[in-house]
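Work through the exercises below with the sequence and the coordinates at hand, and try each task before reading its solution.

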Amino acid sequence: MAGVGPELAVLAHIRRSPQNSSSSTKSANQTDTKELDDISQEITQLQREKYTLEQDIRDKEEGIRQKNNEVQEMQCDLDRESSGLQDLESQKQDVQDRMEEKDQQRNKLEGMLNNVRQKCQDESTLISSLQTQIHSQESDIHTQEDELNRTKSDLNRLQQDETQLEQSL
């Protein structure tokens, strides 16, 4: 396409050059003119094709620019999503760390609860043992009170017997 311009200038120069009056020159000139017209039409056709191709190139370049813009928008979206994903992963890690901390606290509290339960069980056993001891001691006290009462009664009777004996004497 770039070489067409100089050829067109040469053809135009040939058309403008003085023509000979002889018939053979006329016939040659007519043939040359016809060839020049054909070449001129071909050049015009090539220029149209060039214009069409240039328009196609411009259209394709515009399409490429649009695609590049779309790609840039998608890259921005990807960057935003990546940033959001990193934020979510950071939040997830924080939540996992807190869960581990809560699990450790729960395990510690469960250990303390088990200790308290064991102490409660020990205290319950001790209380049961003491209650059994108290019942046993209360039973012994009742028995001793009953024996004391009998002994007092015996003593009273003996004192009365003694008093009667003294009076009899």
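The exercises that follow go from the chain as a whole to its charged side chains and its cysteines.

The model is predicted, so local features need pLDDT of at least 70 and side-chain atom pairs count only at pLDDT 80 or more, while totals for chains, interfaces and linings use all residues. Residues are numbered from 1 along each chain as its sequence is written, and side-chain values use heavy atoms, with hydrogens and water left out.

**Exercise 1. Describe the secondary structure and the surface of the chain.**

Solution. Begin with the DSSP runs, where a helix is H or I over at least four residues and a strand is E over at least two, numbered from the N terminus. The chain has two helices and zero strands. Next, sort residues by relative accessible area, with buried meaning under 20%, exposed over 50% and partly exposed in between (1.4 Å probe, protein chains only). On this scale, 4% of the 169 residues count as buried. Finally, take the accessible area by the Shrake-Rupley method with a 1.4 Å probe, where for residues only the protein chains shown count as cover. The chain exposes about 15,100 Å², of which 51% is supplied by carbon and sulfur atoms.

**Exercise 2. Find the salt bridges and examine the spacing of the partners.**

Solution. Apply the criterion that a side-chain nitrogen of Lys or Arg lies within 4 Å of a carboxyl oxygen of Asp or Glu. The search of the whole structure then returns seven salt bridges, and three of them are worked through here.

- Step 1: K50 and E54 are joined at 3.9 Å, N to O; both belong to helix 2 and stand four residues apart, about one turn of the helix. K50 is partly exposed because its relative accessibility is 35%, and E54 is likewise partly exposed, at 32%.
- Step 2: R106 and D103 are joined at 3.4 Å, N to O, and are three residues apart in helix 2, again about one turn. R106 is partly exposed at 42%, as is D103 at 36%. The pair also belongs to a network of salt bridges that links D103, R106 and E110.
- Step 3: R157 and D154 are joined at 2.9 Å, N to O. Because they are three residues apart in helix 2, about one helical turn separates them.

**Exercise 3. Identify the residues of a negative surface patch.**

Solution. Select residues with over 30% relative accessible area and no salt bridge, and join like charges within 9 Å (for nonpolar side chains, Val, Leu, Ile, Met, Phe, Trp and Tyr, the limit is 5 Å). Lys and Arg count as positive and Asp and Glu as negative, with His and the chain ends not counted, and each charge is placed at NZ of Lys, CZ of Arg, CG of Asp or CD of Glu. The residues D94, D97, E100 and E101 form such a negative patch. Of these, D94 lies in helix 2, which spans residues 23-168, and is partly exposed because its relative accessibility is 41%.

**Exercise 4. Determine how many disulfides the model holds.**

Solution. Look for pairs of cysteine sulfur atoms within 2.5 Å. The whole-structure search finds zero disulfides.
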